[in-house]
There are 2 protein chains.
Amino acid sequence: MLRYPWIYLCLYLRFSRLFFMRYSKLFGRTKLEAPHDSDSINAKYLTQAGFADKLTAGVYYFLPLGLRVLEKVKNIIREEMNAVEGQEILMPSLHPLELWETTGRNKTADAILYRTKGAGDKDFVFGPSHEEAVTPLAAKFVKSYKDLPFSVYQIQTKFRNEPRAKSGLLRGREFGMKDMYSFHTSDADLDLYYERVKEAYMNVYRRCGLTAYVVEAGGGIFSDKLSHEFSVETVAGEDKIMVCKKCNVAQNLEVAEGKIHNPHADEKELPMKEVKVEREFNIEASAKAHDVPETKVLKTIIYKVGGGFVGVCIRGDLQVNEYKLGKFLGAEIRTASPKELEELGLVQGFISPVGMQNVTGGPKHKPGEVAGAEGLSFIGDNSIKEVKNFVTGANKKNVDLINVNVGRDFVIETFADFLTVEKGFKCSKCDLPLEEIKAVEAGNIFKLGTKYSKNFDLYFTNEKGERNLVVMGCYGIGTTRMVGTIVEASHDEKGIIWPKSVAPFLVHMMHLGEDEAVKSEAEKIYKELLKAGVEVLYDDRNDSAGKKFNDADLIGIPLRITISNRTLKEGSVEWKLRNEKDGKLVKLDKVLGEIKDFVNS
Amino acid sequence: MLRYPWIYLCLYLRFSRLFFMRYSKLFGRTKLEAPHDSDSINAKYLTQAGFADKLTAGVYYFLPLGLRVLEKVKNIIREEMNAVEGQEILMPSLHPLELWETTGRNKTADAILYRTKGAGDKDFVFGPSHEEAVTPLAAKFVKSYKDLPFSVYQIQTKFRNEPRAKSGLLRGREFGMKDMYSFHTSDADLDLYYERVKEAYMNVYRRCGLTAYVVEAGGGIFSDKLSHEFSVETVAGEDKIMVCKKCNVAQNLEVAEGKIHNPHADEKELPMKEVKVEREFNIEASAKAHDVPETKVLKTIIYKVGGGFVGVCIRGDLQVNEYKLGKFLGAEIRTASPKELEELGLVQGFISPVGMQNVTGGPKHKPGEVAGAEGLSFIGDNSIKEVKNFVTGANKKNVDLINVNVGRDFVIETFADFLTVEKGFKCSKCDLPLEEIKAVEAGNIFKLGTKYSKNFDLYFTNEKGERNLVVMGCYGIGTTRMVGTIVEASHDEKGIIWPKSVAPFLVHMMHLGEDEAVKSEAEKIYKELLKAGVEVLYDDRNDSAGKKFNDADLIGIPLRITISNRTLKEGSVEWKLRNEKDGKLVKLDKVLGEIKDFVNS
């Protein structure tokens, strides 16, 4: 007893969760039909299999099976937050309204706030997030640089009045969340910690059996952004993202950047020449007419922007990303109509910036600047910078220019990334081809800086005795949403396929038929598993094999062990993994050992 | 690895909570001053020691130390609920208002409900209790008697708009609670389960280091009541209760029943006689005048009840409990004025029922019956049933009656318990003397019967195919309140004294002074303790011995280990238990072993 005290501590902790259960006694068994109103795979399977149940839109009960999964997810998160020295606390949901007035989020977040009145006619908000709670708390304890850095987190219920709750556990009005807040003396210290948390988040997803990517929210990979999202690959995700499976980074399609091959940079510039052509009005036809690859065709698209026009030049084989373009110009955009092109003196199918710049003299562009009220100006995608000897139209019907060179034959003052990144583009970091996947967002992290410190007078005194604002970061991951995300990522047409790390039980045992010899063998194995501390769900019902197999597939426990007359004739049980098609027979005297191996593998 | 798979499971679970901490890194350290507005010992110590912090009245943060205690309390509760086959679930806080309209509690509990409006102008209530949530959930799964009985519980946050939040964690507006609900085919089955839960609750209190008593809410011990409270002995509790420390039962003072000694039952009845006396108007004087003990004096007190009067006869040494009397009569009562006594033909100081019954002919009384509109009637406390040869007044000035016997000389139709039970009275069950203690309520259990089943159509089909309402019980225990209660029950003038089972850490280690040899020895022991899996808080600060000792006393961890120059000179550390006055020296090579013994004892 003295030699291994921790064993007893462990036993103590272990028994605080039941690790075995008879299915006949379980509250929340499978339903024959999926709920008619389930709008997602996770809602459908979690409800039908008895993990969760909807009370009202966006508000779910967790039944015993579901709570077991949720607790395992929470523990994985807890361990990873502890590993980056996060200290667990618990903050209230009831926030006096004054706190939210202090930050102004009573207005900016008004739509999602649940409000109430308490005793003495006092106004409260039910916390949808806890910056307003944690910052004044920190201000009570932080005086000096010696009190920094630190990081606190909680795993707690959040309330958000989502206009449209949807996708089962993915977008709820009441949901579980881990939110961590870190406090630093400088941006540099926050930056270091932020990267550690990013790693910790990736560990969480990996340990939950998920493939996750870091997505720079609203920016490319290398831009200096203040927040990141984590996207998890799923079959039917809401978002499409471009990912590099080597770098584990991902980009929203709209803003994705990618590296492009640059084939013609080394050519010598040849003299520009006008050539008569008869061709169709597209890039493929241009390339064919001049016997060049599409990469040598200069594509120019004219957009109506504000009161004027902008021509965007891009390499012929590439597409303009209008989201990027609109964001760059800071304005609504649309392609110019044939009539507008005509008024600008442009000839459809033969548009080119060559010779048009002096004519129209449009303004130069910087990011965020809308084109001038009138006129036409040209900007270029980075893809045209290095290409030599372009083919393009000559702004005359059936006349093209060849050997057109940027800088020599036309001037672009502003280059930027207006590229639509597609499958097959290379990662700008590692050169591997990017892949397009469907994903759901499963966490996000923010560099808050001093926004909230300023609101709540959270200062510290540095080594020189100067008072400075504390620099903050925050890090959120939905715990109940994670449960839904795992189901979205891991299922088949029969039901859920739980990763071992978060499965409600590791073994789903059952007997078939009502033969007493079979039942008693099953009971024996069940009891041996209990003794060995294996988490086991025992389907002890006298239902048909079909019903019991279907339920096991629906519930999705990793290992199914079946005992029947047929297997006993072979002195065996049937062993089947949920994520494999076929089972095998395992001899009775080997089964316990093999199950233990499986559990520990 | 294969031999003890559960060890690895345990290790896994164990690391999900940090079990060691340097005090210099801890978020939420001690404060020099207790909060000026703390209205209770638990609020004062928990705040000053850095376990909790008030956000607003009745709403607290739990800091790392406090959360550790809370989690240990929750785990004890969880284990005991699992032991009575409770299955843990998690229910939402957001309840559609319709659910509360269904039971009518939107009106009866209106004052404590936090209400809000959600998307689509939908009304919600934040659950102060979960009968309205669990009953419709059960109705989705219960069809037949085969689905019963079962019991589900959750450990979750409750919201109650208490008119006056007070006493720190004892009466909050947002608080943690374990609420369990059981479902049965019959009252008899509920009764059996109810008793099992009662035992489980007593285990919870015992394991949390508390002395608890079962109190029949609003009734005596043996009455057939539908709910029970659990009262925990504390120094400054809000309630006074009478307890039998053997039977572990307790009674609210107002309704307490006790056994009384009955000294004169065996005497022979003697002839009644009138005697002239000169005496004062009290029991002591009567006893002295006739040379009898006070137990032989018949005391009669006249009360004004409705339009008439009731005389209550009780043994001279006992006091009438006006709460019991009022409840029995179902009316407001007050003692009659001298003028009213005169009008009734009674002589103050010489009142007696003898000869008055035929004169006034008041109505007979049954429980809950108010006295008739007019007249005077007599009822008796059980204490006078067996006494022979009473002394009493003769309804004439300066005349007493002796040898008065109930039934022979006056008739009492209605006997009941009108006794004020005091310290020293014997337990009606076991004969041990009752004690009066201060206590706080720390849990309650209810037989709900079919009230909620009826509201939510929760029926089952029995063996005969008949549809019956499911019978329900519910069982509540405040988890955050428990933390406060433990502090109320276990502290001294220096701070908290945590029971080992719920202490945030088991060992509070510190070094004194800044001597490197001392610090390095302390670090060594700290690391050994980590390796041994001992939960340890290490005060690694360079503060004064006084500050560090005071903080240790305030925080209240069971074992304090101090390493200083002085102890190292003896090759020792100082060992001091928080609940003992003096420390001792323990040799360095023994300390790890002794700490392990302490942890496992």
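**Exercise 1. Strand pairing in chain B**

Task: Which way do strand 5 and strand 7 (residues 122–126) of chain B run, and how many bridges join them?

Solution: Work on the predicted model.
- Step 1. Strand 5 of chain B is linked to strand 7 of chain B by 3 bridges, and the two run antiparallel.
- Step 2. Pick out one facing pair: B:Leu94 lies opposite B:Phe126 of strand 7.
- Step 3. Extend to the sheet. It is open, has 3 strands in the order 5-7-6 and pairs antiparallel.
- Step 4. Find the edges. Strand 5 (94–96) and strand 6 (114–118) of chain B each have a single partner strand, so each has one side without a neighbour in the sheet.
- Step 5. From one strand to the next it averages 40°.

**Exercise 2. Two helices in contact**

Task: At what angle do helix 2 (residues 41–48) and helix 13 (residues 479–489) of chain A pack, and how far apart are their axes?

Solution: 
- Step 1. The packing angle is about 100°, and the axes are 8 Å apart.
- Step 2. Classify the angle. The range 65 to 115 degrees counts as roughly perpendicular, so helix 2 of chain A is roughly perpendicular to helix 13 of chain A.
- Step 3. List the residues that meet. Helix 2 of chain A brings A:Ile41, A:Asn42, A:Tyr45 and A:Leu46, while helix 13 of chain A brings A:Gly484, A:Val487 and A:Glu488.
- Step 4. Sort this contact by class: 4 nonpolar, 2 polar and 1 charged residues.

**Exercise 3. Burial of helix 13**

Task: How many residues of helix 13 of chain A are buried?

Solution: 
- Step 1. Apply the cut-off: a buried residue has 20 or more other C-beta atoms within 10 Å of its own.
- Step 2. Count: 11 of the 11 residues pass, so helix 13 of chain A is largely enclosed by the rest of the structure.
- Step 3. Check the names. The buried set includes A:Arg481 and A:Glu488, along with A:Met482, A:Val483 and A:Ile486.

**Exercise 4. Helix 15 and its surroundings**

Task: Which strands of chain A do the buried residues of helix 15 pack against?

Solution: 
- Step 1. Name the buried residues of helix 15 (residues 545–555) of chain A: A:Lys548, A:Asp551, A:Ala552, A:Asp553 and A:Ile555.
- Step 2. Recall the helix repeat. An α-helix has 3.6 residues a turn, so residues three or four places apart point the same way.
- Step 3. Find the partners. These buried residues pack against strand 27 (495–496), strand 28 (507–511), strand 29 (536–539) and strand 30 (559–563) of chain A.
- Step 4. Look past the helix end. A:Gly556 follows helix 15 of chain A and has a positive phi, near 85°.

**Exercise 5. Backbone geometry**

Solution: 
- Step 1. A:Pro149 lies in the loop between helix 6 (131–141) and strand 8 (150–159) of chain A.
- Step 2. The bond from A:Leu148 to A:Pro149 is cis, with omega near -10°.
- Step 3. B:Pro149 sits in the loop between helix 6 (131–141) and strand 8 (150–159) of chain B.
- Step 4. The bond joining B:Leu148 and B:Pro149 is cis, with omega about -10°.

Task: Is A:Asn403 in a strand or in a loop? What of A:Asn248?

Solution: 
- Step 1. A:Asn403 belongs to strand 20 (residues 399–404) of chain A. Its phi is positive, about 55°, although A:Asn403 is not a glycine.
- Step 2. A:Asn248 is in the loop between strand 12 (239–244) and strand 13 (249–252) of chain A. A:Asn248 is not a glycine, yet its phi is positive at about 55°.
- Step 3. A:Asn403 has 18 other C-beta atoms within 10 Å, so it is partly exposed. A:Asn248 has 14 C-beta neighbours inside 10 Å, so it too counts as partly exposed.

Key: Residues are numbered from 1 along each chain as its sequence is written. Chains are lettered from A and ligands numbered from 1 in the order in which they are written. This is a predicted model: local features need pLDDT of at least 70, side-chain atom pairs count only at pLDDT 80 or more; totals for chains, interfaces and linings use all residues. A residue is buried if 20 or more other C-beta atoms lie within 10 Å of its own, exposed if 12 or fewer, and partly exposed in between; C-beta atoms are placed from the backbone. Helices (H or I, at least four residues) and strands (E, at least two) are DSSP runs, numbered from the N terminus. Two residues are in contact if their C-beta atoms, placed from the backbone, lie within 7 Å. Axes are lines fitted to C-alpha atoms, for helices over the stretch in contact, and angles run from 0 to 180 degrees between N-to-C directions. Angles under 35 degrees count as roughly parallel, over 145 as roughly antiparallel, 65 to 115 as roughly perpendicular and the rest as oblique. Ala, Val, Leu, Ile, Met, Phe, Trp, Tyr, Cys and Pro count as nonpolar, Asp, Glu, Lys and Arg as charged, and the others, Gly among them, as polar. Two strands pair if DSSP finds at least two bridges between them.
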